[in-house]
Amino acid sequence: MLFEHMATNYRLEFTSLVAFSSLWELLVPFTRDYNTLQEALSNLEDYDKTCLEAALHGVSNVVQQEWGHACPTQVIYQAMILIDLDVLLYVLYTAIPHQAVNEYIKLNYVTNCVPDLEIVGFIEIGDISSPPVMSRHLVLPIAVNKEVDDVGPGTTEEPEEETSANQQAGKVPNFCVLLHGSLKVEGMVALVQLGPEWYGMLYSQADSKKKSNLMMSLFEPGPEPLPWLGKVSQLGPISDAAENPYGEDDSKSPFPLQPKIKRSYAQNVTVWIKASGLQTDVQKILRNARKLPEKTQTFYKVVTRESAGMDTLLFMFSRLKMVENMEVESIHSIMDVN
Amino acid sequence: MKMFSVSHKTAFVVDHCPYMAESSRQQVECDVLTKSRGQGMIPLAPVSKSLWTCAVECSMEYCRILYDVYPLKKLINYIVSDSEFHILNSWRQEDQSTHELMSALAAVGPPNPQEDPECCSVLHGLVAAVESLCKITEYQHEARTTLMDTADRVANRGRIICLTNAKSDTHVRMLEDCVQETILEQNKMAAGSDRLMPIQQCELVLVHIFPQGEDTLVSDRPKKEVSSLLTSEVHSVRAGRHLATKLNILVQQHFDLASTTITNIPMKVRLLSSEEQHANTSANYDVELLHHRDAHLEFFKSGDLHMAGSTSRDSGLKETVTLKWCTPRTNSVELHYCTGAYRISPTDVNSRPSSCLTNFLLNGRSVLLEQPRKSGSKVISHMLSSHGGEIFLHVLNSTRSTLEDPPSISEGCGGRVTDYRITDFGEFMRENRLTPVPESPDAEASGKPPAEKAKAQLERYTRYWPMIISQTTIFNMQAVVPLANLIVKESLSEEDLLTCQKTVYNLVDMERKNDPLPISTVGSRGKGPKRDEQYRIMWNELETLVKTHVAGSERHQRVLDCIIACRSKPPEEEERKKRGRKREDKEDKAEKNINKDSEDKSWQESERLKGAVERVKEEQRESEVIKDSPDSPEPLNKKPRLEEIQLPEKAKGPVSLLTMWTNRITVANSRKHQEFAGRISSVNNKAELYQHLKDENGMDLHENGKATR
């Protein structure tokens with residue numbers, strides 16, 4: 001009964017079948033094939049007793065192995081439906097809803113599918129650069145015409161009618177399809193706002209089989225979900241800028257934003273914790289000193305650069321012998337050369 | 001839940017007393033790399049660092065890692081203590097950089113061994129640290145002001161890391177007691193101040209540093225509660241690399257960091273076996289990175305951690321997860337499904353392998369990382385990538401997706417339409433790309449935030465935007481481009497207006513020359529509409545476009561006026577009257593144009609005669625035209641329909657962005673204010689002005705009603 005209902009209404013959901021009593025057993029791993037599930041169900045035998053706890057552990061294992069933990073929404077929305085088939089036997093279904101039932105957001109127009117989904121603007125894929133997302137959703141266009149809507153996707157009772165209805169719907173222009181096509185061709189994403197300080201992106205995603213889809217990914221809620229874009233509320237249209245920030249020939253980009261202070265690996269920091277750090281720096285100066293007097297400029301450059309860090313660290317040495325030695329060494333080097 | 005954890009504020013107290021000048025007795029060989037020198041050179045003598053040098057170096061390394069991983073909101077206050085305390089920076093965000101601290105430390109200089117040991121103590125610094133923890137940071141201040149009623153959610157907690165050389169366990173206890181007493185004292189004072197907050201929780205981390213080869217006088221002690229406000233722990237560590245390792249572990253514990261080692265990094269090595277001989281070989285290297293431990297969440301939960309090459313911290317060895325470098329493909333711009341991105345800091349920032357890796361990433365390349373699994377199979381689980389000079393470890397989803405094998409978009413609604421204006425919409429997207437706008441201090445005064453301006457622009461640009469090529473004429477015509485580009489602007493300059501008018505005259509010219517138009521013949525039998533009807537369709541569409549922007553400004557209105565004036569068919573009577581009145585009101589610039597003027601005259605002559613007949617014809621043509629196009633709306637209701645707004649033209653066939661936005665804007669507007677009476681009774685959000693004139697003339701609102709696309 002349940003499977004029939006699901007097969008009708010949630011064809012794309014994954015379901016697995018776990019039988020349990022004092023032990024638990026995975027009868028059917030996650031699948032979209034409802035016939036297999038039905039068959040397994042009809043072959044079930046009665047076991048000794050009901051032990052829900054063990055079963056829940058089992059389910060937890062099965063789910064983690066299959067889907068991982070990447071998306072917290074999966075855990076939140078895990079639907080567990082208990083069905084009393086028999087006094088001694090429960091069957092536990094674990095349907096992973098598509099990361100929430102609204103996974104398949106029925107997107108009619110971008111502007112009115114979800115009450116507050118608005119496009120803010122567009123950004124190149126290279127600029128948004130694989131952002132971290134909290135969830136992903138497939139965006140499916142739905143029929144605009146009422147007649148078509150009545151026999152919309154998911155109704156399988158009269159397959160022939162459905163086909164014709166679908167064909168009809170396929171011929172009505174739909175914004176999702178246009179948007180998808182242009183995003184794909186241009187290599188861009190549409191930045192969308194779902195609510196106050198909550199943003200996401202619409203983009204085209206292709207799988208290996210040349211199938212392509214409009215997807216929506218949601219960022220963590222917050223005014224600045226991606227450091228390299230800055231605050232989303234501060235993103236404005238390029239027409240307001242004095243000069244096109246992308247250049248006349250799209251040769252440049254205003255993204256990513258640079259942080260005010262460079263990270264340690266992006267600047268010359270002096271770290272002498274390991275002997276090798278100190279040795280390398282000393283070595284650098286000596287090497288250049290040896291090339292004196294010809295390469296005086298290079299030598300000064302190196303000394304100036306190194307000394308910026310050294311000044312601050314050298315003072316800490318209780319013995320200044322090293323510096324004295326270095327001077328001697330330099331003089332020797334100069335003499336060697338000469 | 002309370003805001004601001006213990007790790008929001010860290011006070012470093014570094015002992016600067018004479019005894020810290022003592023040698024760590026760990027020698028650094030300076031001569032190792034200069035073996036190849038010629039004879040007669042004086043070898044470099046090895047050097048050793050003082051306890052002070054070790055303490056400063058290792059604490060700076062702690063700060064470096066912290067600032068790399070948390071550039072904001074994790075603050076350090078650095079205090080040096082000898083005969084008095086020296087506070088080297090403040091809690092302010094702009095004071096938080098290793099560069100600042102290094103310069104300040106250079107000014108402090110090494111400990112003076114001649115100073116009187118009796119006056120010197122680390123206690124001065126500890127007292128200053130407690131006082132400092134009572135001072136609120138800019139973040140705490142901001143949170144307190146914005147929260148107002150619930151300001152008590154803002155906690156004041158902090159950590160003191162004290163690097164010293166203690167005499168004994170008793171000495172340590174004395175230091176703890178002192179901190180405890182100072183907290184109680186300071187909390188009393190802080191209670192009555194605006195800029196101070198009582199300390200609610202303080203973690204004291206005492207690190208006792210002693211020279212190599214000596215026995216420690218102080219015993220290690222795990223965290224214990226001194227009071228409800230203070231916990232204390234003692235780490236007894238040898239100076240030198242042991243201290244460095246200890247502080248590295250501490251920074252990881254204090255800020256929830258974890259370690260990842262990237263293995264198999266191919267690197268060209270320039271061997272300096274001798275001065276002249278450079279050998280280029282390739283070798284594989286490992287680089288260790290620190291980052292927030294959530295980047296390993298997947299491993300922790302799946303129990304794959306041990307398989308991933310980690311070793312337990314209890315065994316004294318470093319705990320790190322090993323991921324394998326995958327040589328990147330060139331220049332592929334791709335959106336990966338990424339569930340998290342965490343800033344990294346290399347453990348050994350200046351080593352050659354580290355700097356090779358970070359420079360490679362900073363130059364814009366990304367590297368995928370492979371995770372060895374229990375089963376022996378390998379999975380791409382992470383990616384290293386830099387954004388704006390910051391390197392992030394991205395966590396990629398490596399488990400099965402619930403979205404597998406979805407139907408292609410071409411199988412769904414609208415999937416079989418083949419003439420979408422994909423290129424045009426692409427062009428539209430490029431024009432509506434975003435750019436960061438610097439925050440100006442008077443942003444509040446200057447109106448809408450940039451993102452709202454971007455949305456408003458999208459709304460304007462899409463008021464009339466047919467989705468498929470066969471649905472539009474004007475957007476298939478090069479001649480219309482200048483006008484179409486300008487009319488969507490929020491405001492038009494005088495020059496813009498002239499360009500629009502020129503565009504219109506140009507179209508008039510084309511019509512006169514009987515130039516062919518790119519009218520779609522899809523769905524119509526035979527050759528499609530006749531030339532003059534093609535122009536009618538074109539003019540109607542152009543009018544529709546411009547009408548959606550007429551409310552924008554007076555110049556927008558003048559563009560419409562120009563179209564109405566110039567189009568081949570005489571406009572309706574009231575339109576002319578309106579225009580006539582306007583001309584009287586102000587010397588219209590467009591009027592100077594002879595071309596237009598002459599046309600106007602000719603209309604005036606003929607129009608009276610044609611009058612009513614024309615109108616009837618026009619209506620007939622209207623319906624013919626509509627039947628011509630497969631995607632046109634149904635013929636209009638000729639009566640004014642006030643109830644129309646209740647039924648947005650949702651279910652009526654052709655779908656344009658205009659329809660979507662209009663519906664949206666109607667809803668948005670209705671929330672904000674009482675609707676303007678004219679707009680309520682309008683169709684398509686356009687209020688018909690001078691309705692009384694029409695009523696007097698006994699005419700219907702036909703003209704208004706037709707523009708539903």
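This is a predicted model: local features need pLDDT of at least 70, side-chain atom pairs count only at pLDDT 80 or more; totals for chains, interfaces and linings use all residues.
1. For orientation, residues are numbered from 1 along each chain as its sequence is written, chains are lettered from A and ligands numbered from 1 in the order in which they are written, and side-chain values use heavy atoms, with hydrogens and water left out.

2. On the overall make-up of chain B, there are 20 helices and 17 strands; these are DSSP runs (helices H or I, at least four residues; strands E, at least two), numbered from the N terminus. Of the 709 residues in chain B, 53% are buried, where buried means under 20% relative accessible area, exposed over 50%, and partly exposed in between (1.4 Å probe, protein chains only). Taking contacts in chain B between residues at least 6 apart in sequence, 72% join residues at least 24 apart; a contact means heavy atoms within 4.5 Å.

3. Strand E8 (residues 188–195) of chain A pairs with strand E9 (residues 198–206) of chain A in the antiparallel sense, over five bridges; strands are said to pair if DSSP finds at least two bridges between them. Gln193(A) stands opposite Tyr199(A) in E9(A). The hairpin of E8(A) and E9(A) has two residues between the strands, and Glu197(A) takes a positive phi near 55 degrees there. E9(A) also pairs with strand E10 (residues 212–218) of chain A, again antiparallel, over seven bridges, and Leu218(A) in E10(A) is the bridge partner of Gly200(A).

4. Now to the salt bridges (a side-chain nitrogen of Lys or Arg within 4 Å of a carboxyl oxygen of Asp or Glu). The count over all chains is 33. One of them brings Arg433(B) and Asp250(A) together at 2.8 Å, N to O. Arg433(B) lies in the loop between helix H9 (422–431) and strand E17 (434–436) of chain B, and Asp250(A) in the loop between strand E11 (235–237) and helix H9 (275–290) of chain A, so the pair joins two chains. Arg433(B) is buried at 3% relative accessible area, whereas Asp250(A) is partly exposed at 33%.

5. Within chain B, do look at Glu176(B) and Arg221(B), whose side chains form a salt bridge at 2.4 Å, N to O. Glu176(B) belongs to helix H5 (residues 169–191) of chain B and Arg221(B) to strand E8 (residues 221–225) of chain B, so this pair ties together parts that are 45 residues apart in sequence. Glu176(B) is buried, at 2% relative accessibility, while Arg221(B) is partly exposed at 23%.

6. Last, a look at Lys135(B), found in the loop between helix H3 (123–134) and helix H4 (138–147) of chain B. Lys135(B) is partly exposed, with 40% relative accessibility. Leaving aside residues up to four places away in sequence, Lys135(B) touches Lys9(B), Trp91(B), Gln140(B), Arg195(B) and Leu196(B). Lys135(B) and Met197(B) are 62 residues apart in sequence, and their C-alpha atoms are 6.3 Å apart in space.
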